[in-house]
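Please look over the structure below.

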Amino acid sequence: MRLFFKNKKITSVLSILPENVVLFEDEMENYNFSVNQSLKLKSVMGYNKKRVVTDGVTSSDLCILGLEYLFKEGVINKAEIDAIVFVSQSPDYIMPPTSNVIQGKLQLKDDIICLDINQGCAGYIVGLIQSFMLLEQSAINKVVLLNADVLSPKVSKKDRNSNPLIGDGASVTIVEKASDESNIYCSIKMNGVGAFSLHIPAGGAKMPTSEETAILIEDSHGNLRSKNHLVMKGDEVFNFVQAEVPGIINDVLEYSKLHKDEVDYYLFHQPNKFMLSKLADKIGVDRAKMPANIVENFGNASGATIPINITFNIADKIKESSLKVCFSGFGVGLTWGAVIMDLNKNTYIQTINYN
Amino acid sequence: MEHFKQKLVDIFEVSNISESDVIKDFDSWDSLTLLSLIAVVDAEYNIQINASLFEEIITIGDLLQYISKNSK
């Protein structure tokens, strides 16, 4: 589905990363793999360091720290926030919405819309689209888009498919009305037939957690996980990404009437280095324009990877000039989408640690 | 090439490597080793090999030949 917006811009992107660093080697012995095999895995996938919260820290904690920082820095004030869009696979509660909890804790005005969206790897794309749609309303001038995931407690330490790459993190993106005429092009698709390529079997209504769902079971590759743990069928996800993502990028390029070389940066979700370099080659984009260094430095924090990619890779460049960027997220759902827009010179881009 | 052969020694987890070695006969041959091989050829020579090419590239010698033919 193609979507078009105008007179909207991103004015700030803040990443909030847990201070706690875990090295691949720290957890290597948990995997049912020889040291050599583990080191091969590390090298191919680009695993190294990841950020993981300490016990008890949740998605809202990271978001609240981020928002308080932005208030303190004078980047936004409380009264200006007309909507909160909170995108996560790891909300604080099933009920109430985490966005309402955040609104209450920060004592924001009640003339506000709080909205939780259950989305993962494509969460930045879905969140941006939702924010742009809210901004079509005359009553809404500024939307705070929160992408936060704390999935490390949901991954089995003995699962080498997922544990080495999953990191925790959050971001705050301020999306607001703009007077300039710059256009925003989006293309997004979803297919629930593949919904179980990435899932957590237990914990919802279909399979409430119980003693039984907590039992570790070994799969055919020697990974141990319980029904409470995240399952990622790596081969299905890899094939899905290689099959669908080049098409959605070509579609959004065609829609925007831009040649792929006219885009300054392709800031994609970060599953692993191998997948991203294959993707760059298949799309025909210079790898230097498609950073693939987030997993090795911070881990994959689901919907927060694109903003972390922004804050890690283009914080300096945005001080020199405006950039034409293509964001793309793909995964859980299955969902895949892309957005082409401008990031204006001197957009506020910052990273802080949570300790 | 010697540097690359050392990389192959690491990937295949053997003490030495010769051109007549059959790639799929290494004890360490599995999907991860395949990915490692694709990744190292890419990193060292900027050549992108498709997994299906290993139907034609049988020995280490075949691989070295393929690389020298496709070096940019």
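## Sheet, helices and cysteines

In chain A, five strands make up an open sheet with mixed pairing, in the order β1-β9-β16-β15-β14. Strands are DSSP runs of E of at least two residues, and helices are runs of H or I of at least four, numbered from the N terminus; two strands pair if DSSP finds at least two bridges between them. The edges are held by β1 (2–6) and β14 (265–268) of chain A, each with a single partner strand, so one side of each has no neighbour in the sheet. On average, neighbouring strands of the sheet are turned by 20° against each other, direction ignored.

This is a predicted model: local features need pLDDT of at least 70, side-chain atom pairs count only at pLDDT 80 or more, and totals for chains, interfaces and linings use all residues. Residues are numbered from 1 along each chain as its sequence is written, chains are lettered from A and ligands numbered from 1 in the order in which they are written, and side-chain values use heavy atoms, without hydrogens and water.

Strands β9 (residues 183–190) and β16 (residues 335–343) of chain A pair in the antiparallel sense over six bridges. Y185(A) of the structure stands opposite I340(A) in β16(A).

Angles run from 0 to 180 degrees between N-to-C directions, with axes fitted to C-alpha atoms, for helices over the stretch in contact.

| Helix (chain A) | Strands (chain A) | Angle |
|---|---|---|
| α5 (residues 123–134) | β1, β9, β15 (323–331), β16 | about 125° to β9(A) |
| α9 (residues 305–313) | β14, β15, β16 | about 140° to β14(A) |

Over all chains there are zero disulfides, a disulfide being a pair of cysteine sulfur atoms within 2.5 Å. For C114(A), the nearest cysteine sulfur is that of C63(A), 12 Å away.

Note on methods: Contact = heavy atoms within 4.5 Å.
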